[in-house]
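Colleague: Can you walk me through this one? I have a few questions.

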Amino acid sequence: MPREEEVAELVLGMADVSTNLVMLTGPQGVGRSMLAASLAQELVVSHHWTDAYWVDLLGVTNVVLAGQQLMTGLGLTSDVPDTQQLLAWLEGRPRERFGIVLTHVQELLSAPAEEQQGFLDLLDNILHSSHKLQVVVVCEEPLSRITYLARAVQVEPLSAEVAGQMVQQAQVNVKEEHVQGVVEACQGTPLALAVVCGLMRCGYCSAAGFLRIYSDRALPIDHSSSDAT
């Protein structure tokens, strides 16, 4: 896991029971969602959370759909999704601490002001429905209105050192110049590094082979960025 230290620091911070909202911020491609997944897994494995619920809000632009996605993600079913049913379920949870991860909230936060306000109100109500609940939100910038104790963490691209270690672990005796080339091509993007290193590890290509393909200007490759959510 390339972000072990960051995950460990976040887990330690979330051991403070008064922290009920963590925002993983930063531009697309830096590995926010991957960090959120690793964090949720570690919180469950360490028994800090009894359960972790993953709710993807990709394409959601209004608070009604957001509520429906939340209910679906929590395993709640209803012919007519009702926010009060959601809040009642959260209030009735056992006393053990649990967590919800919300990803791809940017479209909702870029929606008309009324929908943005509705989502923030919904999140506020959810957080106040259970003092045992912690929520992790993946977003580009910290939420504008916070009425609960929150922590914003800026997620940065992987360092050249960590990225280089990933490449070296993927191919035995790889040349340093090829390591540097792959690191520069992936620009610290965890998903790009994971894909390239996976191909190298499975023998589909070497670091040198990847760089030959990447440098082929006849191929439709955007050499200026490595965007990935």
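This is a predicted model: local features need pLDDT of at least 70, side-chain atom pairs count only at pLDDT 80 or more; totals for chains, interfaces and linings use all residues.

Colleague: Fine. How many helices and strands does the chain have?

Modeller: The secondary structure comes to 10 helices and five strands. Of the 229 residues in the chain, 45% are buried.

Colleague: And how much of the contact set joins residues at least 24 apart?

Modeller: Counting contacts between residues at least 6 apart in sequence, 74% join residues at least 24 apart.

Colleague: What about the largest nonpolar core, how many residues are in it?

Modeller: The largest nonpolar core has 31 residues. Those with the most contacts inside it are Leu 86, Ile 100, Leu 102, Phe 119, Val 135 and Val 137. Elements giving two or more residues to this core include the strands β1 (21-25), β2 (52-56), β3 (98-103) and β4 (133-138). The helices doing so are α3 (63-73), α4 (83-91), α5 (106-109) and α6 (113-129).

Colleague: Which element gives the most?

Modeller: That is α6, with six residues.

Colleague: Pick Val 137. What does it touch?

Modeller: Leaving out residues up to four places away in sequence, Val 137 touches Leu 21, Val 22, Met 23 and Leu 24, and also Leu 102, Val 105 and Leu 123.

Colleague: How do α8 and α10 cross?

Modeller: The axes of α8 (residues 176-186) and α10 come within 9 Å and cross at roughly 45 degrees. That angle makes α8 oblique to α10. The crossing is left-handed. On the α8 side are His 178, Gly 181, Val 182 and Ala 185, meeting Ala 207, Ala 208, Phe 210, Leu 211 and Tyr 214 of α10. By class, this contact has seven nonpolar residues, two polar and no charged.

Colleague: Now α7 and α9. What is the angle there?

Modeller: Helix α7 (residues 160-170) and helix α9 (residues 190-201) pack at about 20 degrees, with their axes 8 Å apart. The two are therefore roughly parallel to each other. Here α7 passes α9 in a right-handed crossing.

Colleague: Which residues make that contact?

Modeller: From α7 they are Ala 163, Met 166, Val 167, Gln 169 and Ala 170, and from α9 Leu 193, Ala 194, Cys 197, Met 200 and Arg 201. The contact of α7 with α9 divides into eight nonpolar, one polar and one charged.

Colleague: Change of topic: what is phi for His 47 and His 104?

Modeller: Phi is near 65 degrees for His 47 and near 55 degrees for His 104. Each is a positive value in a residue other than glycine.

Colleague: Where do they sit, and how exposed are they?

Modeller: His 47 lies in the loop between α2 (32-45) and β2, and at 71% relative accessibility it counts as exposed. His 104 is in the loop between β3 and α5, and at 24% it counts as partly exposed.

Methods. Residues are numbered from 1 along each chain as its sequence is written. Side-chain values use heavy atoms; hydrogens and water are left out. A nonpolar core is a set of buried Ala, Val, Leu, Ile, Met, Phe, Trp, Tyr and Cys residues joined through side-chain atoms within 4.5 Å. Buried means under 20% relative accessible area, exposed over 50%, partly exposed in between (1.4 Å probe, protein chains only). Helices (H or I, at least four residues) and strands (E, at least two) are DSSP runs, numbered from the N terminus. Contact means heavy atoms within 4.5 Å. Axes are lines fitted to C-alpha atoms, for helices over the stretch in contact, and angles run from 0 to 180 degrees between N-to-C directions. Angles under 35 degrees count as roughly parallel, over 145 as roughly antiparallel, 65 to 115 as roughly perpendicular and the rest as oblique. A crossing is left-handed if the near helix is turned anticlockwise from the far one by less than a right angle, and right-handed if clockwise. Ala, Val, Leu, Ile, Met, Phe, Trp, Tyr, Cys and Pro count as nonpolar, Asp, Glu, Lys and Arg as charged, and the others, Gly among them, as polar.
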